[in-house]
Amino acid sequence: MSLFKELTTRELRELDALLHERSYQKDEVIFDEGDTGLGLFVIVSGRVKIVSSHAALQRLAPEFGPGDYFGELALFEESKRTGGAVALEPTQVLALFRTEFFSLLERDRRIGVKILFELSRTVVARSRKLLANEAHLPTV
Amino acid sequence: MRYEEQPGVLSWGIIVVVTCLILYLFEKVLWLVIPGLLTLVGYYCLQPLVQALVRAGLKHRTAGRLVTGCLFLVTCLGVFLLFSVATSRGAAWKTTATHYVQGGLNFVGSTEAWLEEKVPQLKTSALIRSTPKNLDAVSEQFVGNYLGSLLLQMVYWLPSLLLVPYLTYFMLQDGNRFKKHVIRSVPNAFFEKTLLLFDRVDQSLRSFLMGLMKLTVLDTACLGLGLWLLGISHPLLLALIAAMLAWVPYLGSIVACIMVVIVAATDFPNELATTYCCIILFLCVRLLDDFVFVPLTVGKSLRIHPVLSVLMLFLGAAVAGPAGLLLVLPVLGLVAVIVEMLGQILGDEHLRKRFRHGRVLQRTMAAGSN
């Protein structure tokens, strides 16, 4: 999984205590647009479709597969989700809850920095993609 | 955001009723509740140590075993030391205790004499006539009325208190796994909100215990400083014991005040004024504690209005006696969090719809596989 690829075995062990496994049926809603975001989801198996009323977001990442993650903005702030997530097939995910991640950050900044760096890369890449799709906005 | 809304009047009514019901039940199984509470204290105190060892490279299970093993060794060592000191200095301790009790009795006698001198009508008062005048009378009264039940209480409490290290060990080892197991059984629709509920409960408990520790430090510092200025022996130790006794609201303070008075009266047998100064100091610290320290520490951590806290203390005492006084605030804080969160989870039509949709999908899937 790209999000945790920089972590050592010991760090993965510590992180494992915070991850929650969930299984979703085909067409089951993982979260809806407008829900208060409380954490991010990493896909272990299966596929997830992002549904958003914002056309730009819909174009950005319509589908995620194993190893991908979504809902990452919820890790930074408690705001409403800008899109919903629906399982396209039986899907297994790992959920990382915001406050648990923050407690990990307080205990072990090194793990936090590694995860946050990966998250930042993804956020930057998705922002660039978003800006590239919007012709009237310059790519930074 | 929805979960930051404050509970309404109806919610608070439910919270108060549920708190009273829980206190009533807790009073019936106090032998299990007190070890449970001590287990939580142990868990929150030792958990950072376990996490530090995990960061140092140990597996969680090994770290848990190491910490509880060390705790067990320290406890055994402490009991052994206490036992050996008690056997070697038992006679001296008995003499000291007798000395202090006699000092307290002398103070009561002097105060009575002073009161009788000022108010002659009190000479015929039943209260004054019933007060024991010397140590033998007190010993006789204690052995006759209380010793048997005290010994029985000790026998009754010992096995359940032995549960504390055992439960602490398993909470450190498997607490997180148990939490994950419970969360796994929650339907997907309510999963995120349930995680939030668990987090809030954890935060409340942690904040309450941290608040209690801060309160104890503040109380110890204030009372210790006052007693030191008055020249009382062992001011810090006395202040620490008094601050810990104050964990049981009102009743603990009364016991602590009696203890401080006895020590002051024995240290200064011919200076009644010093003992009265101690009582005034104690009352001042209690007032400071109730109106400044508690709202700043425990009250702030539980986010409960001071008026409601006081009312609930009375209700708790009425429902479950001294145990109610001790437990009412943490139970109220927890029930408030749980009722508030459950209201949001179960009252959210959107989540319920998602839950029903999930069940339909599960049934369809099960029918398809059959």
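I take two strands as paired if DSSP finds at least two bridges between them. With that settled, I looked up R22(A): its bridge partner in strand 8 of chain A is V93(A). I keep in mind that this is a predicted model.

**Entry 1: strand 1 of chain A**

I followed strand 1 of chain A next. It pairs with strand 8 (residues 91–97) of chain A in the antiparallel sense, over 6 bridges. I then asked which residues of strand 1 sit on its covered face. They are H20(A), R22(A) and Y24(A). The uncovered face carries L19(A), E21(A) and S23(A). In a regular strand the side chains alternate between the two faces of the sheet.

**Entry 2: the sheet**

In chain A, 4 strands form an open sheet in the order 1-8-3-6, with antiparallel pairing. Which strands are at the edges? Strand 1 and strand 6 (69–70) of chain A are, since each pairs on one side only. I checked strand 3 against strand 6 of chain A: 2 bridges join them, and they run antiparallel. V42(A) stands opposite Y69(A) in strand 6 of chain A.

**Entry 3: chain A overall**

I noted 4 helices and 8 strands in chain A. Along the sequence the pattern reads α-β-β-β-β-α-β-β-β-β-α-α. Chain A has a radius of gyration of 15 Å, close to the 14 Å from the globule rule for 140 residues, so it is as compact as a globular protein of that length. Its C-alpha trace spans about 45 × 40 × 25 Å along the principal axes. Of the 140 residues in chain A, 31% are buried. I also looked at contacts in chain A with a separation of 6 or more: residues 24 or more positions apart account for 80% of them.

**Entry 4: S45(A)**

I picked S45(A), which lies in strand 3 (residues 39–45) of chain A.

I listed the contacts of F70(A) beyond four places in sequence: L40(A), F41(A), V48(A), I50(A), F64(A) and A85(A). In soluble globular proteins, nonpolar side chains tend to be buried together.

**Entry 5: where chain A meets chain B**

I found 19 residues of chain A in contact with 23 residues of chain B. Helix 1 (9–16), strand 1 (19–24) and helix 3 (98–107) of chain A each supply at least two residues of the chain A side. Strand 1 of chain A gives the largest share, 4 residues. By class, this side has 5 nonpolar, 5 polar and 9 charged residues.

**Entry 6: helix 9 of chain B**

I tested the length of helix 9 (residues 251–267) of chain B. At 1.5 Å a residue its 17 residues should span 24 Å, and the end C-alpha atoms are 25 Å apart, which agrees. Its buried residues include A256(B), V260(B) and V261(B).

Definitions and conventions: Residues are numbered from 1 along each chain as its sequence is written. Chains are lettered from A and ligands numbered from 1 in the order in which they are written. This is a predicted model: local features need pLDDT of at least 70, side-chain atom pairs count only at pLDDT 80 or more; totals for chains, interfaces and linings use all residues. Two residues are in contact if their C-beta atoms, placed from the backbone, lie within 7 Å. Ala, Val, Leu, Ile, Met, Phe, Trp, Tyr, Cys and Pro count as nonpolar, Asp, Glu, Lys and Arg as charged, and the others, Gly among them, as polar. The radius of gyration is taken over C-alpha atoms; the globule rule is 2.2 Å times the number of residues to the power 0.38. A residue is buried if 20 or more other C-beta atoms lie within 10 Å of its own, exposed if 12 or fewer, and partly exposed in between; C-beta atoms are placed from the backbone. The expected span of a helix is 1.5 Å times one less than its number of residues.
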